[in-house]
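User: I would like to go through the terms used to describe this model and see on what grounds each is applied. Please set each value against its criterion.

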Amino acid sequence: MIDMDNIRAQARERVRGALAVDPVRRFGRIVRTSGDVLHASGIRAPIGARCLIDMEDAAPLPAEIVGFQEGGLLLMPEQGARGVMRGARVHVEGGTHAPLVGPELLGRVLDARGAPLDGLPQPGLSQSWPLMGVSVNPMTRARLEQPFDVGVRAINALATFGRGMRVGLFAGSGVGKTTLMGMLSRHVQADVVVVAMIGERGREIREFIEDHLGHARARSVVVASPADDTALSRVHGAYRAAAIAEYFRDQGKHVLLVVDSLTRLAMALREIGLAVGEPPATKGYPPSVFGAIAAYVERAGNGAEGQGSITALYTVLVEGDDHVGDPVGDTARSVLDGHIVLSRALVEAAIYPPIDITASLSRPMPGLVNPEHMRLASRFRALWARKQEKQDFIDLGAYAPGRDKLLDEAIQRAPAMEALLRQDKDAGVTLAESVAALRAALGEAV
């Protein structure tokens, strides 16, 4: 029997430790800079501790200790180093960052530092959660046993999500990634939706909230760190969103966490790693980036028995529609439970959402659905893949009916299968309705 009171007590103890403040205020000095990294001497503190840098004509500048060298510490200001003078005083503010959380966050839009972006007052919050999260013993995590209804017919029918699953959304530019994110956020059967918009263009943040999130905003929390934020702020934005999702999971809620994008989080981690002197490796990414991605993804998933769940969707940007040559994409595939791939060819064929069924996969699906559903999904995939494979011959008129029974059936059922993949962005389709549509598309009686 899992002792939930003990687990929560341990989490509270970690928060108290993270917020512990040295009663003696010790000051150091900024002695030199290297890009956005500041070198401070005269103080001692662990990596991850927060500092305040005194400014001449402004409020103190918050910073985080990101490393150390002989004779001093390496600091990175959350809002950039502009305005910092040589010799400026710096002191340790406290332990590692622990954002304030609570149900008052629902419906709100915050920046990476927790300040409201929606023009409303600061939410009244009294609880804290560690920015880096609270690890869950893998032996106490609930297993992936329950299907997770996302309201999108193609996913429900052919790549069924499980509650607590971590999924990658792989897409190039301009293929409908944002639209699909909005569909999932509006139609998903979840208690809370947490959206992290990391490194996005500023105009896209408002457009997503107003045009795509829609009525789901009341149950959502949006953490936005646009492209003009510092690398540290972008990382903090992603971690803050995960911390908020973990808090709601601890309250027994079933959460959908949408992170757009994992690629830009990796880029921000690369900036920080290179700035503190890490050696570049694959495509300039320091080795620590790939470990950080795996650790970040691991924060999602089911909690212990009796807790809620975090089902996570991480968008991965691919260059030139290359889904296999990107190191971030390769790392994501290795640590995620499944992936949804968007196809430019389907966009050109006016099939929306343009989900490439043959390239998309839900690894836990066989254990989530009944054998009949699995059989239907496998048959649909086989027919769709055969038609895609022979499409050039069909277009040239080089295929004669009767040579390939599977291809003949695929050609016959192509209109019905395309209809199953198409879905209006404002119309949600339940899991049961999706399975019924799959059965009808394959010509099988109910």
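Analyst: The model is a predicted one. For a chain of 446 residues, the rule for a compact globule gives a radius of gyration near 22 Å, and the protein chain has 24 Å, so the value agrees with that rule. Along the principal axes, the C-alpha trace spans about 85 × 50 × 40 Å. The protein chain has 14 helices and 19 strands, and buried residues make up 54% of its 446 residues.

User: Into which domains is the protein chain divided?

Analyst: The assignment gives domain 1 (21-92), domain 2 (100-368) and domain 3 (372-442). The C-alpha centres of domain 2 and domain 3 lie 30 Å apart. Between these two, 27 residues of domain 2 are in contact with 24 residues of domain 3.

User: Why is the pair of Tyr239 and Tyr296 called tilted?

Analyst: The structure holds 5 aromatic pairs, and this is one of them. The ring centres of Tyr239 and Tyr296 are 5.5 Å apart, and pairing requires centres within 6.5 Å. Their planes stand at 35°; stacked would need under 30 degrees and edge-to-face over 60, so the pair is tilted. Tyr239 belongs to helix α5 (residues 231-250) and Tyr296 to helix α7 (residues 287-298), 57 residues apart, so the pair links distant parts of the chain.

User: What makes the pair of Tyr296 and Tyr314 edge-to-face?

Analyst: Here the planes meet at 65°, and the limit for edge-to-face is over 60 degrees, so the name applies. The centres of these two rings lie 6.1 Å apart, again within the 6.5 Å limit. This pair also links distant parts of the chain, from Tyr296 in helix α7 to Tyr314 in strand β17 (residues 309-317), 18 residues apart.

User: How do you know whether Tyr296 and Tyr314 are buried or exposed?

Analyst: Buried means under 20% relative accessible area. Tyr296 has 3%, so it is buried. Tyr314 has 1% relative accessibility and therefore counts as buried. Tyr239 is buried as well.

User: On what grounds is Arg270 placed over the ring of Tyr285?

Analyst: Arg270 lies over the face of Tyr285, at 4.2 Å from the ring centre, and the distance criterion is within 6 Å.

User: What makes helix α3 mostly covered?

Analyst: Of the 11 residues in helix α3 (residues 177-187), 9 are buried. Among them are Leu180, Met181, Met183 and Leu184. The buried residues of α3 pack against several elements, including α2 (153-158), β13 (192-198), α4 (202-213) and β17.

User: Why do Trp129 and Ala112 count as buried although each lies in a loop?

Analyst: The label rests on accessible area, with a limit of under 20%. Trp129, in the loop between β9 (127-128) and β10 (147-148), has a relative accessible area of 8%, so it is buried. Ala112, in the loop between β8 (109-111) and β9, has 2% and is therefore buried. Beyond its sequence neighbours, Ala112 touches residues including Val223, Ser233, His236 and Arg240.

User: Why are Lys283 and Ala350 called partly exposed?

Analyst: Partly exposed covers values between the buried limit of 20% and the exposed limit of 50%. Lys283 has 48% relative accessibility, so it counts as partly exposed. Ala350 has a relative accessible area of 42% and therefore receives that label. Lys283 is in the loop between α6 and α7, and its phi is near 50°. Ala350 is in the loop between α9 and β19, with a positive phi of about 60°. Most residues other than glycine have a negative phi.

User: Which value of omega accompanies the cis peptide bond from Asp260 to Ser261?

Analyst: Omega is near 10° for this bond, and Ser261 lies in the loop between β15 and α6 (262-275). The peptide bond from Tyr352 to Pro353 is also cis, with omega near -5°. Most peptide bonds are trans.

Definitions and conventions
Residues numbered from 1 in each chain as written. Predicted model: local features only at pLDDT ≥ 70, side-chain atom pairs only at ≥ 80, totals over all residues. Heavy atoms only, no water. Phe/Tyr/Trp six-rings, centres within 6.5 Å; stacked < 30°, edge-to-face > 60°. Helix = DSSP H or I, 4+ residues; strand = E, 2+ residues; numbered from the N terminus. Buried < 20%, exposed > 50% of the residue type's maximum accessible area, 1.4 Å probe, protein only. Lys NZ or Arg CZ within 6 Å of the ring centre and 35° of its normal. Rg over C-alpha atoms; globule rule 2.2 N^0.38 Å. Contact = heavy atoms within 4.5 Å. Domains from an automatic or database assignment. Lists of a residue's contacts leave out its neighbours within four places in sequence.
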